[in-house]
Amino acid sequence: MDTRVKNLLYNTAIYGVANFGSKVLSFALLPVYSFYLTKEEFGYFDLILTTVALLVPLVTLQISDSLFRWLMTVKEDQAGEKQSIISNCFGVLLIMEICVVLISLVVYFASPMQHYLLIVILLLISSVYPVVQQAVRGLRRRKLYASSGIVYTATMVTATLALLVVFDMTITAVVVSAILANLVATIYMLYCCNIIALIKIDSIDWKMTKTLLQYSAPLIPNAISWWLVNSANKYIVLFSIGLGANGLFAMSSRFPALLAMINAIFILAWQESAILNFNDKDRAVFFSKTFLLLGWIQITAACIFTLSSEYIVRQFIAHEYYESWRYMPFLFFGVVFSTLAGFFGSMYLSAKETRAALTTTIVGGAINLVTCAALVSSYGLLAVSFATFLGFFTIFGVRLYHTRRYMRLTLPNKDILYLSSATVMSLVVGYGSNDKFKIVLVLVLLVAFLVKTRPMWAVVVRSIRKRIYGIS
């Protein structure tokens, strides 16, 4: 197997081992939310998170992406260069945080609202957290980056159980828990990586600041466009169907979100590999192999989750949310094409052409919103989940075509035919009622996946044996 593929698998394993436990713990909170929050309360909490997610790119100016991209190409012995990059990026963040405080005070006195102070605090700390994360990644502290996810989730789970279950603080509990999770994880990374020591006022160079912002600026509307594809539908649901329906849709999206969080582990490792190997002569071969492997993993996982969604909801979620399983299949495949689109998005980052990422995302966002608005009155939440899927699929298709300017991927027709057939069959069977047929199809998918990816598993097994027993 290609050494670059092995390195990619190794880096993915580093992020995965440290993050998998945290993702499972986060997923375990879903039954707690379903039993202690009504659909309306859960819908309100989800809207708070959705709104904060929209505002974070505006507050940070996406400077975290510039921070990571520039640090990745700095050599280990260039301490002054690292200090300059970090100082400039955190200088931008500080100015934007001060602006948020001032604007928030004006808005509060003009129109005070429920939980306003907590929401502002959540926005401020949620803006610092990703910038510190990307600094840690750029400094190649992968294990620290990964372990910060465990700290984040452990804090979130502990605070939620204490404030929601024990003290019954409902919405206040979950918002405060989110604040504490971001705050504790941020402090943990700052302390362990000693980032504050690298921030020097005299290292700020406005020419460099301008360069960093020229790179990150197109990623601001790009991030907002991703938000339009992923979250804007919730506002359409709120105004068209109601807060209760939004809570139901929020619950249905939490299960695909688990797959998305796991995918994010791979994307973290892939971005590093894409940037470091983008100028290789045989990069098309490397990218093609990786994309094919990713496609098999993604679509197989989405098919199995689709076939199991009704059973999972029936066993683990309160009956009030039972209907949420019907909206999961399209959301699962939406996550698949979101991840595949992210794969091609790494080419834009590697080539430092972030404007192209913006254009492709806007197209998907527009398709999503138009489809959702046109169909929601007739088909309800099913239309919303389908629109989300269609938006991500559009971004994937446009990027697949557009990135041919960088390289053309070579993909076997038989693999494309199999994966397409598996997708269609899983959607058809997933909405059926024959549980035995679903089980048989899951087993077939698993066998086909293990056979196709056996070289990858051979590398994983050899690596484990070598680490445990010292043999290859």
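Student: In helix α15, by about how much of a helical turn are Phe 386 and Phe 389 separated?

Tutor: Phe 386 and Phe 389 are separated by about one helical turn, because they are 3 residues apart in helix α15. An α-helix has 3.6 residues a turn, so residues three or four places apart point the same way. Keep in mind throughout that this is a predicted model.

Next, the rings themselves. A pair of aromatic rings is described by the distance of the centres and the angle of the planes. The ring centres of Phe 386 and Phe 389 are 6.2 Å apart and their planes meet at 40°, so the pair is tilted. A stacked pair would need planes under 30 degrees apart, and an edge-to-face pair over 60. As for cover, Phe 386 has a relative accessible area of 29% and is partly exposed. Phe 389, at 16%, counts as buried, because the cut-off for buried is under 20%.

This pair belongs to a wider group. One aromatic cluster takes in Phe 286, Phe 287, Phe 291, Phe 330, Phe 337, Phe 343, Phe 344, Phe 386, Phe 389, Phe 393 and Phe 396. In the whole structure, a search finds 25 aromatic pairs. One of them joins Phe 291 and Phe 396, with 6.3 Å between the centres and 5° between the planes, and it is stacked. Phe 291 is in helix α12 (residues 283-316) and Phe 396 is in helix α15 (residues 381-402), so this pair ties together parts that are 105 residues apart in sequence. Phe 291 and Phe 396 are both buried.

Arg 314 and Glu 310 form a salt bridge, with 3.7 Å from N to O. These two residues are 4 apart in helix α12, which means that about one helical turn separates them. Their cover can be compared with the cut-offs: Arg 314 is partly exposed at 39% relative accessible area, while Glu 310 is buried at 15%.

Lys 438 forms a salt bridge with Glu 310, and the closest N and O atoms are 3.5 Å apart. This pair links distant parts of the chain, since Lys 438 is in helix α17 (residues 435-452) and Glu 310 is in helix α12, 128 residues apart. Lys 438 is buried, with a relative accessible area of 5%. Taken together, Glu 310, Arg 314 and Lys 438 are linked in a network of salt bridges.

The structure holds 3 salt bridges. One of them is between Lys 452 and Asp 415, whose closest N and O atoms are 3.0 Å apart. Lys 452 lies in helix α17 and Asp 415 in helix α16 (residues 413-430), so this bridge ties together parts that are 37 residues apart in sequence. Lys 452 is partly exposed at 33% relative accessibility, whereas Asp 415 is buried at 3%.

To return to your question, Phe 386 and Phe 389 sit about one helical turn apart in helix α15, and both belong to the aromatic cluster. That cluster also includes Phe 291, which lies in helix α12.

Notes: Residues are numbered from 1 along each chain as its sequence is written. This is a predicted model: local features need pLDDT of at least 70, side-chain atom pairs count only at pLDDT 80 or more; totals for chains, interfaces and linings use all residues. Side-chain values use heavy atoms; hydrogens and water are left out. Rings of Phe, Tyr and Trp (its six-membered ring) pair if their centres lie within 6.5 Å; planes under 30 degrees apart count as stacked, over 60 as edge-to-face and the rest as tilted. Buried means under 20% relative accessible area, exposed over 50%, partly exposed in between (1.4 Å probe, protein chains only). A salt bridge is a side-chain nitrogen of Lys or Arg within 4 Å of a carboxyl oxygen of Asp or Glu.
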